[in-house]
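Dear colleague,

Please find below the structure that I am handing over to you. My notes on what was found in it follow.

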Amino acid sequence: MPDRLDLLQGTLDLLILKALSLSPLHGYGVLLRIQQISSDRLEIQQGSLYPALYRLEHQGLIASEWGESDNKRKAKYYRLTAAGRRQLRSEAEKWSQMAGLMASILSTTPEQI
Amino acid sequence: MTFLARLRSWWRATRHASRTESDMNAELRAHIAAHAESLIATGIPPAEARRRAELEFGPLTQTMEACRAARATNLLPSLMQDLAFGLRMLRKNPGFAALSVITLALGIGATTAVFSLVNGVLLRALPYRNPDRLVYLYQPIPTLPASRWKSGARPTPISTTGRAKAVPLRVSPFSPPTAATSRSMALPSASTARASPAISFTLSVSPRSSAAPSGPMTTAPATTTSP
């Protein structure tokens, strides 16, 4: 198994928004989806998912309703709202700018200065 | 918009507090159960799978508390608890309660009194036209020559002046006579002050009388104005 990375502060919300933008999911489904698209390389404390989900719902970025899971269990499904979609777009934009900037700073060699 | 969404979410969660709570409970337990099931599917014995699922989920009560805080559903209950606790403590220590009430009452009363005074005397604008352009000049010692008034700064021209002076009077409707001070006040014209006395009426002063110049006295610098 490759090395697992601890989640950076503040990235969980963005990951949840991204996971839900692909399809509505219940809480456990969000966890599985994030693990799946990160090829299992992110270390997420499972319980920390729920405060984040509740916070996002509180902010109106995601909405929830009870439904039935694949194995006929009651489950609370989350989906992205229009505001959530906008938030995801702007946050993703900011994130890639920041990541690009950090990468170019960190790859600077003495000859380039 | 997000504020409205938050308010709506908070209201919903607070109004249906017990359902919100049981929903959260069911949701978190469903997560642990689902994870345990997936562990069982990999061949781990049920009891061990259950234990592992709980362990990987993390501390449940702490998570629940964080969930409540995320929706601020604990705001009202904890406020009520704090209030109830405060009241209980006050009832338990009546001496302390009385002392705090008196301190607060005196503090609020004193502050209000001082503020009313300051507001009336210093803060509220004078009821004249352009109150910020009114200046008050006086000569502390009348015998001092006017030249001693000069200041280094170039004085702002004063467009109109009025003057007031204190005149010692002896009022003796009865004996023995009582000393009193009158203040005569001459404002050049009603247009300067744009105000009339609250009671009684203004006396118009004829140019012949001893009072101040009437009519505008233009651009008289402060240095040359002496009473």
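**Confidence of the model**

In chain B, confidence is highest in helix α6 (residues 94–123), with a mean pLDDT of 93, and lowest in helix α7 (residues 190–193), with a mean of 55. Residues 206–227 of chain B have a pLDDT below 50, although this stretch makes 33 contacts in the model beyond near neighbours in sequence. Please bear in mind that this is a predicted model. Where pLDDT is low, the predicted coordinates should not be read in detail. For chain B as a whole, the mean pLDDT is 73, and 59% of the residues reach 70 or more. The complex as a whole is given an ipTM of 0.82 and a pTM of 0.57 by the predictor.

**Strands of chain A**

Strand β5 (residues 74–80) of chain A pairs with strand β4 (residues 62–68) of chain A in the antiparallel sense, over seven bridges. Within this pairing, Trp66(A) has Lys76(A) as its bridge partner. The two strands form a hairpin with five residues between them, and Lys72(A) in the turn has a positive phi of about 60°. Strand β5(A) is also joined by two bridges to strand β2 (residues 25–26) of chain A, again antiparallel. There, His26(A) stands opposite Tyr77(A).

**An enclosed helix and a contact between the chains**

Helix α3 (residues 49–58) of chain A is largely enclosed by the rest of the structure, because nine of its ten residues are buried. Among them are Tyr50(A), Pro51(A), Tyr54(A) and Glu57(A). Just after this helix, Gly60(A) takes a positive phi of about 80°.

Thr63(B) lies in helix α4 (residues 60–70) of chain B. With a relative accessibility of 8%, Thr63(B) falls under the 20% limit and therefore counts as buried.

**A nonpolar patch on chain A**

Which residues make the nonpolar surface patch of about 500 Å²? The patch is made by Met98(A), Leu101(A), Met102(A), Ile105(A) and Leu106(A). Met98(A) lies in helix α4 (residues 82–106) of chain A. An α-helix has 3.6 residues a turn, so residues three or four places apart point the same way. Met98(A) has a relative accessibility of 46%, so this residue counts as partly exposed.

With kind regards

Notes: Residues are numbered from 1 along each chain as its sequence is written. Chains are lettered from A and ligands numbered from 1 in the order in which they are written. This is a predicted model: local features need pLDDT of at least 70, side-chain atom pairs count only at pLDDT 80 or more; totals for chains, interfaces and linings use all residues. Side-chain values use heavy atoms; hydrogens and water are left out. Patches are made of residues with over 30% relative accessible area and no salt bridge: like charges are joined within 9 Å, nonpolar side chains (Val, Leu, Ile, Met, Phe, Trp, Tyr) within 5 Å. Accessible areas come from the Shrake-Rupley method with a 1.4 Å probe; for residues, only the protein chains shown count as cover. A salt bridge is a side-chain nitrogen of Lys or Arg within 4 Å of a carboxyl oxygen of Asp or Glu. Helices (H or I, at least four residues) and strands (E, at least two) are DSSP runs, numbered from the N terminus. Buried means under 20% relative accessible area, exposed over 50%, partly exposed in between (1.4 Å probe, protein chains only). pLDDT is the predictor's confidence in each residue, from 0 to 100. Contact means heavy atoms within 4.5 Å. Two strands pair if DSSP finds at least two bridges between them.
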